[in-house]
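Here's a quick briefing to read with the model open beside you.

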Amino acid sequence: MKISTSVLLASGIMMCGILVNLFRPSPIAHAQTACDATTFTGAYGYTQSGYAYDAQGNIYFLAAAGRMVADGAGAITGSETLNFDGSVIKRQYTGTYTMNDDCTGSTTLTMAAASQGAPVHGDIVAVNNSRQVNFVQTDANFVLSGVLTKQSQ
């Protein structure tokens, strides 16, 4: 009789635990609040890859790695190493950005030396509370995309 009472008591406690877990409210995941220029702030490391093509249909492969700093007020500075179809170019740039309330935005980058190309235009989207920013170049004849990752140091 003593053993069956203990088993019954243990079973009752276990059932109470199961019922409590079944009817406990689930944690609620909150969406990222609206974005603005301050959403994109700080230093980001990035990589990009893709290609460009000219009017004759020649394709040039591109890859880059760099560091970009956004000031939270619409200004960008940065530097990168670009591999343009086998030619390596180190360059610095400044630029501007906008960020919409849906966490999408746009960028315009101007290279420090005029000989290093025209301004680069792109669209961005901030994800994961801006720990990552995805980029795609929007200039004609370029198919280039990349990911910026927030630096923690």
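Looking at contacts in the protein chain between residues at least 6 apart in sequence, 38% of them join residues at least 24 apart. Keep in mind that this is a predicted model. The protein chain has 1 helix and 8 strands.

**Overall fold**
- Starting at the N terminus, the order of elements is α-β-β-β-β-β-β-β-β.
- Of the 153 residues in the protein chain, 29% are buried.
- The chain exposes about 9800 Å², with 61% of that coming from carbon and sulfur atoms.

**The largest pocket**
- The largest pocket holds about 440 Å³ of space.
- Its lining takes in 29 residues, and Glu80, Arg91, Met111, Val120 and Gln137 sit nearest the centre.
- Strands E1 (41-53), E2 (59-71), E3 (75-84), E4 (87-99), E5 (104-111), E6 (120-127), E7 (132-137) and E8 (142-150) each give at least two residues to that lining.
- Sorted by class, the lining comes to 20 nonpolar, 6 polar and 3 charged residues.

**A look at glutamate 80**
- You'll find glutamate 80 in strand E3.
- Is glutamate 80 buried or exposed? Its relative accessible area is 7%, so it counts as buried, the cut-off being under 20%.
- The glutamate 80 side chain makes a 2.7 Å polar contact with the side chain of tyrosine 46, and also one of 2.7 Å with the side chain of arginine 91.
- Setting aside neighbours within four places in sequence, the contacts of glutamate 80 include Gln48, Ala64, Gly66, Ile89 and Tyr93.

Methods: Residues are numbered from 1 along each chain as its sequence is written. This is a predicted model: local features need pLDDT of at least 70, side-chain atom pairs count only at pLDDT 80 or more; totals for chains, interfaces and linings use all residues. Side-chain values use heavy atoms; hydrogens and water are left out. Helices (H or I, at least four residues) and strands (E, at least two) are DSSP runs, numbered from the N terminus. Buried means under 20% relative accessible area, exposed over 50%, partly exposed in between (1.4 Å probe, protein chains only). Contact means heavy atoms within 4.5 Å. Accessible areas come from the Shrake-Rupley method with a 1.4 Å probe; for residues, only the protein chains shown count as cover. On a 1 Å grid over the protein atoms alone, a cavity is a set of points where a 1.4 Å probe fits but cannot get out, and a pocket is an open set with protein on both sides within 12 Å along at least five of seven lines; lining residues have an atom within 4 Å of a point. Grid points are joined across faces, edges and corners, and a volume is the space filled by probe spheres set on the points. Ala, Val, Leu, Ile, Met, Phe, Trp, Tyr, Cys and Pro count as nonpolar, Asp, Glu, Lys and Arg as charged, and the others, Gly among them, as polar. A polar contact is a pair of N or O atoms within 3.5 Å; within protein, one must be able to donate a hydrogen and the other to accept it, and residues adjacent in sequence count only if both atoms are side-chain atoms.
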